[in-house]
Amino acid sequence: MFGFGKKYCVVCGKEVEENKNNVRFGKNFCSEEHAEKYVAEQKKIENLEKQMTMDNKPQRTQRGGGCC
Ligand SMILES: [Zn+2]
């Protein structure tokens, strides 16, 4: 079974050589550089989501009102 177990870089889609396996968050990267890039992007997304959940707070407090 060729191709099974092959790993591809999440950032650029290149095949990851086994001896150059960089793993972050269970994902594979062709290089340390791309791994760091991915981590940086995840942090950006995390910050954006934090901002969005802060904006959504008023809507959340409307929930849990009408009991009985
Ligand atoms: Zn890459």
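Does cysteine 30 count as buried or exposed, and how many C-beta neighbours does cysteine 30 have inside 10 Å? Cysteine 30 counts as buried, because 21 C-beta neighbours lie inside 10 Å. The cut-offs behind these words are simple: a residue is buried if 20 or more other C-beta atoms lie within 10 Å of its own, exposed if 12 or fewer, and partly exposed in between, with C-beta atoms placed from the backbone.

A word on what you are looking at. This is a predicted model, in which local features need a pLDDT of at least 70 and side-chain atom pairs count only at pLDDT 80 or more, while totals for chains, interfaces and linings use all residues. Residues are numbered from 1 along each chain as its sequence is written.

**The overall picture**

The protein has 2 helices and 4 strands, and from the N terminus on they run β-β-β-β-α-α. Here helices (H or I, at least four residues) and strands (E, at least two) are DSSP runs, numbered from the N terminus. Of the 68 residues in the protein, 4% are buried. Two residues are in contact if their C-beta atoms, placed from the backbone, lie within 7 Å. Among contacts between residues at least 6 apart in sequence, 10% join residues at least 24 apart.

How confident is the predictor? The pLDDT, which is the predictor's confidence in each residue from 0 to 100, averages 84 for the protein, and 76% of the residues score at least 70. Where pLDDT is low, the predicted coordinates should not be read in detail.

**Helix α1**

Helix α1 has 24 residues and reaches 35 Å from its first C-alpha to its last, close to the 34 Å expected at 1.5 Å a residue. That expected span is 1.5 Å times one less than the number of residues in the helix. Helix α1 is hardly covered, with a count of 1 buried residue among its 24. Glutamate 33 is found in this helix, and it counts as exposed because it has 11 C-beta neighbours inside 10 Å.

Lysine 27 counts as partly exposed because it has 16 C-beta neighbours inside 10 Å. Leaving aside residues up to four places away in sequence, lysine 27 touches Val10 and Tyr38.

Phenylalanine 29 counts as buried, because 25 C-beta neighbours lie inside 10 Å.

Phenylalanine 25 lies in the loop between β3 (22-24) and β4. Its phi is near 55 degrees, a positive value in a residue other than glycine. Phenylalanine 25 counts as exposed because it has 9 C-beta neighbours inside 10 Å.

Cysteine 30 is found in the loop between β4 and α1. Not counting residues up to four places away in sequence, cysteine 30 touches Cys9, Cys12, Lys14, Val16 and Lys20.

**Pairs across the chain**

| Pair | Apart along the chain | C-alpha to C-alpha |
|---|---|---|
| Lysine 27 and lysine 7 | 20 residues | 8.8 Å |
| Cysteine 30 and valine 16 | 14 residues | 4.9 Å |
| Phenylalanine 29 and tyrosine 8 | 21 residues | 6.8 Å |
| Glutamate 33 and asparagine 22 | 11 residues | 9.4 Å |
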